[in-house]
Amino acid sequence: MRDGAERQAGLALPIVLVLLAMAVMLGVAGLRSALTAERLAGNFKASVQAGMAAEAAASSGWSALKKPGDITVESSREVLDALTWHEFIDPARFQGEEIRPGDCEAPIRCAYRYVEDASRRHLIVAMGAVMDGDGRVRAVSEPVRVTVVFSRLAELFSRYALLADGTVVTGEGEVSKGRVHGNASRVRENRVRIPAVDASPPEDAVSLALEADENGQPRCRFEAVGDLAGRVYHCAGRLDILVAARFHNATLVARGDIHLAGKVGREASVDVAMLSGGDIHFRAPGMAHGWFMAAGDARLEAGALLEGAVIAHGDIHRSSGAVVRHLVGDPLLPHAPREKRLLRWES
């Protein structure tokens, strides 16, 4: 009996050691599982943070975007889809243009870019990343793309200095600084569709007083000075902008011709728009800084200065000595949607 008891006592130690080893193994496995779950949860949290940062950056880009001229970089959908964070922030991949930082705080980074794709779609592309303490990328979002549509007129004014549905005739001397396009000299596939001119009174427009001109036809005289606070003025006949005019920040719409001899708009800025149901005549010594559209022809006399853009459904005649520089701004365009509107948000 004693020998049996001693043998049983001798077996107890190995059994306890085995059970202890199994318990340790189970404990280590559980610890590893917990650490893995914690790491996965941390990675998931970082991934979510990166995605939210990208959307925040896209929102910042949307708020900051003013006009089609802000979007100058071209890229393809395939390139945008395959971007890593380091590629996205690399100016060399985007024609040397630096990223635009979003409103994110460390260790989260976010940025956006304005891009035009091969289909001439305007995009805001944004990405977000969560960084480790040593600056390595811990998690990065997929590119978030916001497709933006500008009004048709804003796109055309931003693209062309002189655009005619007929021909563009320029005199000798300095050429226009900007893109010039005349549909009459193009094959059908290369013609640009120009929206019709709506010269009816926009909502809340200020009606200008009419008088008879030398031929008994209705006309309005306009010689305002200073900031016109974005108001819209309408003339039911011909509109004469006199030499004494020195105004900016306004929109003028005329049912008939527009004769412009004063100073319109501010230098190096575009905040004036004019629409004519007839012709537009830029007369010397006029200085025009704005966007101008005519249902008929447009004529620039020698000595006149235009900084902005002109669109005419007829011809554009630019005399020798008339200076044209393409300038892009953000004026209010009557009878057009807001300059930008969100089409869709995709990620």
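In these legends, a residue is buried when its relative accessible area is under 20%, exposed when it is over 50%, and partly exposed in between (1.4 Å probe, protein chains only). The model is predicted, so local features need pLDDT of at least 70 and side-chain atom pairs count only at pLDDT 80 or more, whereas totals for chains, interfaces and linings use all residues. Residues are numbered from 1 along each chain as its sequence is written, and side-chain values use heavy atoms, with hydrogens and water left out.

View 1. A salt bridge places a side-chain nitrogen of Lys or Arg within 4 Å of a carboxyl oxygen of Asp or Glu. Arg145 is buried, at 6% relative accessible area, and forms a salt bridge with Asp81 whose closest N and O atoms are 2.8 Å apart. Asp81 belongs to helix α2 and Arg145 to strand β6 (residues 144-150), so this pair ties together parts that are 64 residues apart in sequence. Helices (H or I, at least four residues) and strands (E, at least two) are DSSP runs, numbered from the N terminus. Asp81 also forms a salt bridge with Arg77, with 3.5 Å between the closest N and O atoms. Because Arg77 and Asp81 are four residues apart in helix α2 (residues 77-81), about one helical turn separates them. Arg77 is partly exposed at 30% relative accessibility, and Asp81 is partly exposed at 38%.

View 2. Leu80 is buried, with a relative accessible area of 0%. Neighbours within four places in sequence aside, Leu80 is in contact (heavy atoms within 4.5 Å) with Ser75, Phe94, Val115, Leu123, Val125 and Pro143. A distance of 9.6 Å separates the C-alpha atoms of Leu80 and Val144, which are 64 residues apart along the chain.

**View 3. Salt-bridge network around Arg238 and Asp240.** The structure holds 16 salt bridges. A network of salt bridges links Glu211, Asp213, Glu214, Arg219, Arg221, Arg238 and Asp240. Within this view, the side chains of Arg238 and Asp240 meet at 2.7 Å, N to O, and both residues are buried.

**View 4. Aromatic pairs.** Rings of Phe, Tyr and Trp (its six-membered ring) pair if their centres lie within 6.5 Å; planes under 30 degrees apart count as stacked, over 60 as edge-to-face and the rest as tilted. The whole structure contains seven aromatic pairs. Among them, Trp85 and Phe88 form a tilted pair, 6.2 Å centre to centre with 40° between the planes. Trp85 and Phe88 lie three residues apart in helix α3 (residues 85-88), about one helical turn, and both are buried. Phe222 and Phe247 form an edge-to-face pair, 5.2 Å centre to centre with 90° between the planes. Phe222 lies in strand β12 (residues 218-222) and Phe247 in strand β15 (residues 246-254), so the pair ties together parts 25 residues apart in sequence. Phe222 is buried at 6% relative accessibility, as is Phe247 at 1%. Trp85, Phe88 and Phe94 form one aromatic cluster.
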